[in-house]
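Good morning. I will take a few minutes on aromatic rings, and then stop.

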Amino acid sequence: MKSKKQRKKKRINLIKFSIVVIVGIALLLYVAFTIYSLIRQPTNTFIVETGSISSEEDADGYIIREETIIQDKNNTNGFEKIKNEGEKVAKNSPVFRYYSQNESSLVQKISDLDVQIQKALESEPAVFSGDIASLEKEIKSKLDEVYRLNDIGQLNILKNNINADILNKAQIAGDLSPAGSYIKKLIDQRNSYENELNSNSEYIDAPVEGMVSYKIDGYESLLDVKNISKLDENTLSEVNIKTGQLIGSSDQEAKIVNNFYCYIAVVLNSKQAQNVNVGDKVTIQFLKSSEVPATIYEILDQQDGSKIFVFKITKGVEDLVSYRKVSVSIIWWSLTGLKVPNSAILKENGLNYVIRNMTGYQDKVLVKVLKQNDNYTIVDNYSSDELKTLGEKAPDIGNTKKINLYDEILLNPRE
């Protein structure tokens with residue numbers, strides 16, 4: 001039979017065990033509640049930081065430019081570019097040359113003569129001329145540059161310059177050679193072929209100054225700046241080009257583009273679009289990277305209630321020459337300042353507040369809402385004059401609480 005002392009010890013151990021079990025259950029309940037709270041609402045506070053918010057809208061944009069087509073519809077021989085894609089050209093300057101009927105034959109003869117002239121120069125006795133020495137140095141320099149270039153347009157220009165230098169060298173050597181010499185006869189024959197080639201070629205000049213482009217899509221007349229006021233959705237639907245599609249180059253015609261400005265037309269029907277006016281400034285992002293300032297140039301009402309907005313841009317124009325239709329993002333506004341979630345804003349009697357939490361103590365802070373999008377708000381503090389206008393008494397204005405950077409504020413303060 002157990003002694004009284006043993007029974008007492010057993011009761012004490014039972015009590016200790018019960019306490020441990022109760023504490024354990026309490027801890028489990030606390031952990032479970034905490035996990036549930038985190039899942040239901042991961043955090044109920046927010047640290048105020050400087051940030052930016054904006055109001056944006058995506059759409060397909062149709063490019064409208066001042067474009068002057070240059071061509072000879074009766075000439076279908078193809079052409080040689082004098083100005084490359086993207087080069088600037090002055091009014092009345094040649095842009096390209098249509099091939100003549102016997103172009104290939106004459107070009108081959110001239111090429112063969114160039115080889116003969118070069119060989120003749122190498123076999124000629126040294127002709128002491130400063131001009132020839134200078135040209136030889138220039139030719140060597142340009143040949144070295146050929147190996148560093150990877151732009152086909154610049155390579156063609158350099159090749160033509162080298163050929164011109166070689167011909168000048170031969171011309172000088174020929175002039176210094178005796179009359180009737182072999183090299184002089186070769187040069188005269190080459191000049192004869194070149195004159196025949198040039199006299200049978202048709203040169204097309206630029207009627208206006210601007211940027212040369214061979215990207216022709218057939219919509220130059222439809223999407224002309226002169227027709228902007230007549231634009232409608234039916235007109236835009238005639239543009240059978242995929243968004244972001246590159247325009248192909250023509251071998252029969254070119255165009256001179258005004259590279260100082262162009263227009264982007266978009267169809268919009270949003271709430272934000274209903275609240276803007278001609279002359280308003282926005283920002284447009286296109287080709288997924290470029291952001292440029294833009295002005296609302298025209299707003300055209302459509303029968304279905306939507307509107308065509310025509311934006312004028314003066315930067316990034318050259319980036320759009322290869323396109324007729326691109327994805328654009330219209331940034332109606334953007335603002336940087338103290339950024340808080342919309343759920344932290346408490347509205348009372350037409351005013352906006354946040355609840356600030358400082359080591360467990362909470363106070364209500366009046367804030368001025370500057371801008372708000374779907375998720376965030378940019379806020380600031382009211383000035384003394386603004387507080388007077390709101391009805392604050394002069395003695396209280398100096399004690400008005402202010403929101404500051406890195407304040408901890410409550411989310412969903414009504415809950």
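What follows is a short walk through ring pairs, and then charges over rings. Please keep in mind that this is a predicted model.

How many aromatic pairs are there? The count comes to 9 aromatic pairs.

Take phenylalanine 79 and tyrosine 98. Their ring centres are 6.2 Å apart and their planes meet at 75°; planes over 60 degrees apart count as edge-to-face, so that is what this pair is. In sequence, the two sit 19 residues apart: phenylalanine 79 is in strand β4, residues 79-81, and tyrosine 98 is in strand β6, residues 94-98, so the pair ties those parts together. Are these two residues buried or exposed? Both phenylalanine 79 and tyrosine 98 are buried.

A second pair is tyrosine 263 with tyrosine 297. Here the centres lie 4.7 Å apart and the planes are at 50°, so the pair is tilted. Tyrosine 263 belongs to strand β10, residues 262-268, and tyrosine 297 to strand β12, residues 290-301, so parts 34 residues apart in sequence are tied together. As for burial, tyrosine 263 has a relative accessible area of 5% and is buried, whereas tyrosine 297, at 38%, counts as partly exposed.

Back to the earlier pair. Phe79 and Tyr98 are part of a cluster linked by ring pairs, together with Phe96 and Tyr214. Tyr214 also has a charge to mention: lysine 81 lies over its face, 4.6 Å from the ring centre.

Which residue has its charged end over the ring of tyrosine 353? That is lysine 364, and the distance to the ring centre is 4.8 Å.

That is the end of my part.

How values were computed. Residues are numbered from 1 along each chain as its sequence is written. This is a predicted model: local features need pLDDT of at least 70, side-chain atom pairs count only at pLDDT 80 or more; totals for chains, interfaces and linings use all residues. Side-chain values use heavy atoms; hydrogens and water are left out. Rings of Phe, Tyr and Trp (its six-membered ring) pair if their centres lie within 6.5 Å; planes under 30 degrees apart count as stacked, over 60 as edge-to-face and the rest as tilted. Helices (H or I, at least four residues) and strands (E, at least two) are DSSP runs, numbered from the N terminus. Buried means under 20% relative accessible area, exposed over 50%, partly exposed in between (1.4 Å probe, protein chains only). A charge sits over a ring if NZ of Lys or CZ of Arg is within 6 Å of the ring centre and within 35 degrees of the ring normal.
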